[in-house]
Amino acid sequence: MKLRFWFLLPSRIWMVALFAAPFAIVLAYSFLTRGTYGGVEKPWTIEAYQRLADPLYLTILLRSFLMALAATVLCLVFAFPAALFISRATRHKNLYLQLVMLPFWTSFLVRTYAWLFLLRDTGLINMTLQSLGIIHAPLQLLYNDGAVLLGLVYGYLPFMVLPIYATLERMDPSLIEAAADLGARPIATLFRVIVPLSRPGIVAGSVLVFIPCLGAYLTPDLLGGGRTVLVGNLVQNQFTNARDWPFGSAVSMLLMALVTLLVWGLLRRESEQLG
Amino acid sequence: MKRWLAVYAVAFFAFLHLPLLTLSVFSFNSSRFTTWEHFSLDWYRAIFRDPQLIEATWNSVIVALVSTAISTVIGTLCAYGLWKRGSKLLTGSLYLSLVTPEIVTGVSLLALFQWSFRSMHWHLGLYTVVLAHVAFSISYVVIVISARLRTVSPSLEEAAMDLGANEWEAFFYVMLPALGPGIIAAALLVLTVSFDDFVITSMVAGVDSETLPMVIYAMARRGASPVINAISALVTVFFGILILISQQVREA
């Protein structure tokens, strides 16, 4: 058993030095005062947390929450039929799964940039519509909330498909046959049998999409063009341009608390229901 | 319903893959505008003439290789140790590090480095990027290897010890070969995640240690350009080769 101690030692050291320690520092900074030239100074205060109640920041928090919620719902709506299709496929199932997994293996940055390329004023969509004579001036497709939402849905869609597919795959097909035998129409079977039974996958997928969307930084920055400020951009800005580390730390702590509570709460509820 | 699902699936896969495909096609367009002129490799030539891009790519490769090597070793040892006997605290913190929003990880590591540099004459550089990448990669490795370990029977190791191997020999000669494909899959996953990371890297990289995603991002902020299309296509092909390798490993 001595081996186990030495085997776990490097990861313990790394986690303490580069996960717990930075966390502790940010927690401490969130109770300090902003330094004159950036950085932090004493005295200890809860001023940074009081500033969170400012309507300006509450709006940003609410917007981030709604954006993440909208992205999660859209991912669910788009992913569910796709997962259903793959689980029902009789041939090429592996190919379809690989096609869903492929984005995991492609650069997230490049995939976000692809939408910048398609949506900009001189992008493919605007140029095509103009050459077809449908529009005469380019549509402002980029740098708004819609573009950010599209980027988030596109980026995290596979995270929703795979868990739902996993539960659909495990579902007993005789339950669906039973529903049909008892006279349920396909739509009724879908919403009253298949969807309720795939709940664990839906919950897992929603957590996997909602969490990164809540703290998203890259997508709103590139596709929102700085106009769509979400909580992730707020944190980044406080640590770089605004040089208000205590406030940036307080926002980080709030974000961490929300994410942890969400994961913990959902996992607990699910595990209770499963047994 | 089946037919509607199939029609939907075509649209779904098109949505998922057409953006990158069109991007790659237009990287071979001679015009810098989004109207097709004729085939050209000019934008690819432009990549190799840009010293900043070459240096950033080089930095990314070094960071990805070094942090993959370190995190794969640490993560494999950790997964094996946890398989022997669990540790709620360690597992909990690994999962917590996985769900921490990237930007929070980034700023907290920046705060740590700035704080520890106050008393020393060190600066942010490639090594701070490596430290950060290892920190977020360990949990990926542990998850992949742990999944593999669940399929390994403990009697394999017991048999080795009954036959006279000590703990270390049983690990090195029996368990490690059994984990081989899992270790390679974990390493490839971490390699791609590390090579692609922008958010955390941009917070902890020094002025002279820009990585490829940082340069792509800076160029994209100034607007789309055919050169980024070409880099994107190359990065996608590079990642594609990695998937093919990992698939071969999984089948082996």
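Among contacts in chain A between residues at least 6 apart in sequence, 70% link residues at least 24 apart, a contact being two residues whose C-beta atoms, placed from the backbone, lie within 7 Å. The model is predicted, so to speak of local features requires pLDDT of at least 70 and side-chain atom pairs count only at pLDDT 80 or more, while totals for chains, interfaces and linings use all residues. Residues are numbered from 1 along each chain as its sequence is written, and chains are lettered from A and ligands numbered from 1 in the order in which they are written.

Chain A has 13 helices and two strands (DSSP runs, H or I of at least four residues and E of at least two, numbered from the N terminus). Its C-alpha atoms fill a box of roughly 70 × 70 × 40 Å along the principal axes.

Within chain A, the axes of H3(A) and H10(A) come within 9 Å and cross at roughly 140 degrees (lines fitted to C-alpha atoms over the stretch in contact, with angles from 0 to 180 degrees between N-to-C directions). Residues meeting there include A:Ala68 and A:Ala71 of H3(A) and A:Gly205 and A:Val209 of H10(A). By class, this contact has twelve nonpolar, four polar and no charged residues (Ala, Val, Leu, Ile, Met, Phe, Trp, Tyr, Cys and Pro are nonpolar, Asp, Glu, Lys and Arg charged, and the others, Gly among them, polar).

Turning to the partner chain, 63 residues of chain A are in contact with 66 residues of chain B. On the chain A side, the largest share, 18 residues, comes from H1(A). That side has 47 nonpolar, eleven polar and five charged residues.
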